[in-house]
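Me: I have a structure open and want to talk through it. Can you take my questions as they come?

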Amino acid sequence: MTDETNFEFDRYTTYIRQRFGDHDAARMALKPFMPRAYYCRHFDFQPYAVWPQPDYARTTWDLHYWLFERYKYQYGFFLPSAELMDRLVSILRHEIGPAGGVLDAGSGSGFMTKELCSRGIDTFAVDRCDYENKEREFGYPMINVYQRDTLGDAVQYVSSQFGAVLLLWPPYDNSFAFDIAKAMHPGQLLIFEGEDAGGCTGDDKFFEYVSDRTGWTALKDLSDQLDALHVTFATQHDHWSIGRKIAQ
Ligand SMILES: C[S@@+](CC[C@H](N)C(=O)[O-])C[C@H]1O[C@@H](n2cnc3c(N)ncnc32)[C@H](O)[C@@H]1O
């Protein structure tokens, strides 16, 4: 390590010790569905509204890098606040009606599905990875499964029984996001959480497909409402985007 790296490392460990006691305490304290102010006060998150140039200190960046590495294996790839969930639930109720079902395609740990179900939104989680099987040879090293209603290819489960489809951090290195969007029916709502084109979520074909205005209506106002309540790790660039499919 250079002197400069040593200095950063010392500052970082001091910061963790002062704030949380130790790394384990920091990891345990970071959970989804807490009030937004909690993330800002205890972990130096900045609201998405200040993007695209949040001014993160180097120690915050290091802390978020470390926290994201742990958080994603315990919960998932993004951090929904309590206020964000309230807004998402009210958007879903309004847009798909009280009886409309939601498909969580590529649900990972299923932490969002479980929370949505507990808030009265009938959500069905599908992932092709058997995360409970610790001997498996593929998939992310997730350590918790909160809900998964079926194991399999989520594309096969897209059907008119769902009013909305969640695509939350779909992979960027295959056509999964595109295949889901293509299989969706006119009238269905697509709720995407991830990075923009060229980032770590969804491939180019997906972004080209959903930006075709003859096939999709971008619901910018609704996306902005979610982004206004969004927080994300200093190291990531994910946010919300909602559209309605209007033609096949
Ligand atoms: C980056 S993880 C995101 C997980 C979760 N949505 C989240 O945001 O925390 C992508 C997930 O998509 C799943 N996946 C990829 N292709 C799939 C397919 N064809 N059918 C179902 N799940 C799929 C992977 O197994 C993985 O759990």
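This is a predicted model: local features need pLDDT of at least 70, side-chain atom pairs count only at pLDDT 80 or more; totals for chains, interfaces and linings use all residues.

Me: How many helices and strands does the chain have?

Reply: The chain has nine helices and seven strands. These are DSSP runs numbered from the N terminus, helices being H or I with at least four residues and strands E with at least two.

Me: In what order do the strands sit in the sheet?

Reply: The order is 3-2-1-4-5-7-6, in an open sheet of seven strands with mixed pairing. Strand 3 (150-151) and strand 6 (216-218) are the edge strands, each pairing on one side only. Two strands count as paired if DSSP finds at least two bridges between them.

Me: Which way do strands 1 and 4 run, parallel or antiparallel?

Reply: Parallel, joined by four bridges. One partner pair there is D104 with L166 in strand 4. On to strand 5 (residues 189-194): strand 4 pairs with it in the parallel sense over five bridges, and V165 has L190 as its bridge partner in strand 5.

Me: And strands 2 and 3?

Reply: Those two run parallel as well, with two bridges between them. D127 stands opposite L151 in strand 3.

Me: How many residues of strand 4 are buried?

Reply: Seven of its seven residues are buried. Buried means 20 or more other C-beta atoms within 10 Å of the residue's own; exposed means 12 or fewer, partly exposed is in between, and C-beta atoms are placed from the backbone.

Me: How many residues are in the largest nonpolar core?

Reply: It has 56 residues, and those with the most contacts inside it are L103, V165, L166, L167, I180 and L190. Strand 4 (residues 162-168) gives the largest share, six residues. A nonpolar core here is a set of buried Ala, Val, Leu, Ile, Met, Phe, Trp, Tyr and Cys residues joined through C-beta atoms within 7 Å.

Me: What does I180 touch?

Reply: Not counting residues up to four places away in sequence, I180 touches A105, A154, V155, V158, V165 and L167. Contact means C-beta atoms, placed from the backbone, within 7 Å.

Me: Switching to helix 6. Which of its residues are buried?

Reply: In helix 6 (residues 111-118), F111, M112, T113 and L116 are buried. The buried residues of this helix pack against strand 1 (101-105), strand 2 (123-127) and strand 4. Just after the helix, G120 takes a positive phi of about 90 degrees.

Me: Why does L84 count as buried?

Reply: Because L84 has 24 C-beta neighbours inside 10 Å. L84 is in helix 5 (residues 82-96), and, leaving aside neighbours within four places in sequence, it is in contact with L226, L229 and H230.

Me: Last topic, the ligand. How many residues surround it?

Reply: There are 20, the closest being G76, G106, G108, C129 and W169. A residue is near if its C-beta atom, placed from the backbone, lies within 6 Å of the molecule. By class the shell has twelve nonpolar, five polar and three charged residues. Ala, Val, Leu, Ile, Met, Phe, Trp, Tyr, Cys and Pro count as nonpolar, Asp, Glu, Lys and Arg as charged, and the others, Gly among them, as polar.

Technical notes
Residues are numbered from 1 along each chain as its sequence is written. Two residues are in contact if their C-beta atoms, placed from the backbone, lie within 7 Å.
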